[in-house]
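Subject: Structure for you to look at

Hello,

Here is the structure I promised to pass on. Please open it first, then read my notes below.

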Amino acid sequence: MNATQRLPALQLLLQASPYPNAPPLNHRCHLAMWRSPVAPPHARTFVVALLFVVANGLLAGLASQATAEDADGNKQVLLVAGNPSHGFGSHEHYAGVRLLADAITSSTDKAAVTVVKRWPTDEQVDAADTIVIYCDGGGRHVAMAHRDQLRKKLAKGCGLVCIHYAVEMVPGEPGDDWVEMLGGHFEVHYSVNPHWVADFKSLPNHPIAAGVEPFKTDDEWYFYMRFSDQGKVTPILAAVAPEDTMRRPDGAHSGNPHVRKSVAAGEKQTVAWAYDRPDGGRSFGFTGGHYHWNWGNDNQRRLMANAILWTAGMDVPKNGFSLGQEKVGVERLLENQDYNPPKNFDQQQVAEKFELTSTGPKKKGQ
Ligand SMILES: [Zn+2]
């Protein structure tokens, strides 16, 4: 029985008056004794005790399992892809979440996945144990007009994951909301978005990092997020940003005195974080995801599968989720993209740069 099924039963029990003239309740045979005008004292004692035990059990159940598992106990993962964005091969929101959906369903039969383009229906939100958002950010964020709905949903224990540009919210109230719900956000004139090779030399002892080897990728790894000072923010991916990440002049996304000081000091920059929210729920922010090709990296996909299912309240296996047997090479990455490849697309060059398998044509001379 899930929480939403428990609630009516709980309300029914708490509304049942322990007085002898209470109206009859016909919904539950075990409450039929309330129909008696005067129940025997021992029966009243028994029923009051039973009411206490059952109500407490239901309340404990609600507190520990404020999620929306289906009848089979499967976790419900809702993957939200925003509008087409940057052109072929980058910010491929829909193709990206389809790959994450495959990673999850290939790893476990305990999670059901729903993929939607743009904002989901109320029913889909209600059913979710975690909501994963991959979309344009700032004023075009797909969740911009739905933050109140999200806040109410997260208060029930639902997880939240934001990928790449989706970690950026408009400063002020929307940004504060993202700090509260996601544990941090890209704040313009504070955070930065250079392209660089991040070398993750070690990973923390955290379920999200289970089975993930140290790796490095070329991506638009945002850093210097505005983090929450509430709850618990745990860096999951962090690397020292090279000096050339600061080569651009100051600007909304390119540089400012705060981040320059941090980079000059050689501080590790957090680009993915877990957030244990004060309300007991879990969130995860991931700033990579510019280049679609990096979804072919097993370490990145495993990290995301671990993270998404961790936010849904699942236990992550010791070696992380398996991702199944199928390799994700360039051919698979070409599926579902919003844009067609340009005429000069060099499949082999992409395979080499991003260390992917490819059965495509080799370059001339090979
Ligand atoms: Zn980008």
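Start with the length of helix H3. H3 has 13 residues, and at 1.5 Å a residue they should span 18 Å. Its end C-alpha atoms are 18 Å apart, so the two values agree. Keep in mind that this is a predicted model.

H3 covers residues 93-105. Is the helix mostly covered or mostly open? It is mostly covered, with 10 of its 13 residues buried. Among the buried ones are His-93, Tyr-94, Arg-98 and Leu-99. What covers them? The cover includes strands S1, S2 and S3, along with helix H8.

**Where H3 meets H8**

Two numbers describe a pair of packed helices: the angle between their axes and the distance between the axes. For H3 and H8, the angle is about 75° and the axes are 9 Å apart. That makes H3 roughly perpendicular to H8, because angles of 65 to 115 degrees count as such.

Which residues meet here? From H3 come Leu-99, Leu-100, Ala-103 and Ile-104. From H8 come Arg-301, Met-304, Ala-305, Ile-308 and Leu-309. Eight of these contact residues are nonpolar, none is polar and one is charged. On the H3 side, Leu-99, Leu-100, Ala-103 and Ile-104 are also buried.

**Helix H8**

H8 runs over residues 298-311. Its 14 residues should span 20 Å at 1.5 Å a residue, and its end C-alpha atoms are 20 Å apart, which agrees. Of those 14 residues, 13 are buried, so H8 is largely enclosed by the rest of the structure.

Now look at Asp-298, which is found in H8. Is Asp-298 buried or partly exposed? It is partly exposed, because 16 other C-beta atoms lie within 10 Å, and a buried residue needs 20 or more. Asp-298 and Val-328 are 30 residues apart in sequence, yet their C-alpha atoms are 8.2 Å apart in space. Just after H8, Gly-313 takes a positive phi of about 95°.

**Strand S1**

S1 is one of the elements that cover H3. Seven of its seven residues are buried, so this strand too is largely enclosed by the rest of the structure. Both faces are covered. Lys-75, Val-77, Leu-79 and Ala-81 lie on one side, and Gln-76, Leu-78 and Val-80 on the other.

How does S1 pair with S2? They run in the parallel sense, over seven bridges. Within that pair, Leu-79 stands opposite Val-115 in S2.

Best wishes

Note on methods: Residues are numbered from 1 along each chain as its sequence is written. This is a predicted model: local features need pLDDT of at least 70, side-chain atom pairs count only at pLDDT 80 or more; totals for chains, interfaces and linings use all residues. Helices (H or I, at least four residues) and strands (E, at least two) are DSSP runs, numbered from the N terminus. A residue is buried if 20 or more other C-beta atoms lie within 10 Å of its own, exposed if 12 or fewer, and partly exposed in between; C-beta atoms are placed from the backbone. Axes are lines fitted to C-alpha atoms, for helices over the stretch in contact, and angles run from 0 to 180 degrees between N-to-C directions. Angles under 35 degrees count as roughly parallel, over 145 as roughly antiparallel, 65 to 115 as roughly perpendicular and the rest as oblique. Two residues are in contact if their C-beta atoms, placed from the backbone, lie within 7 Å. Ala, Val, Leu, Ile, Met, Phe, Trp, Tyr, Cys and Pro count as nonpolar, Asp, Glu, Lys and Arg as charged, and the others, Gly among them, as polar. The expected span of a helix is 1.5 Å times one less than its number of residues. Two strands pair if DSSP finds at least two bridges between them.
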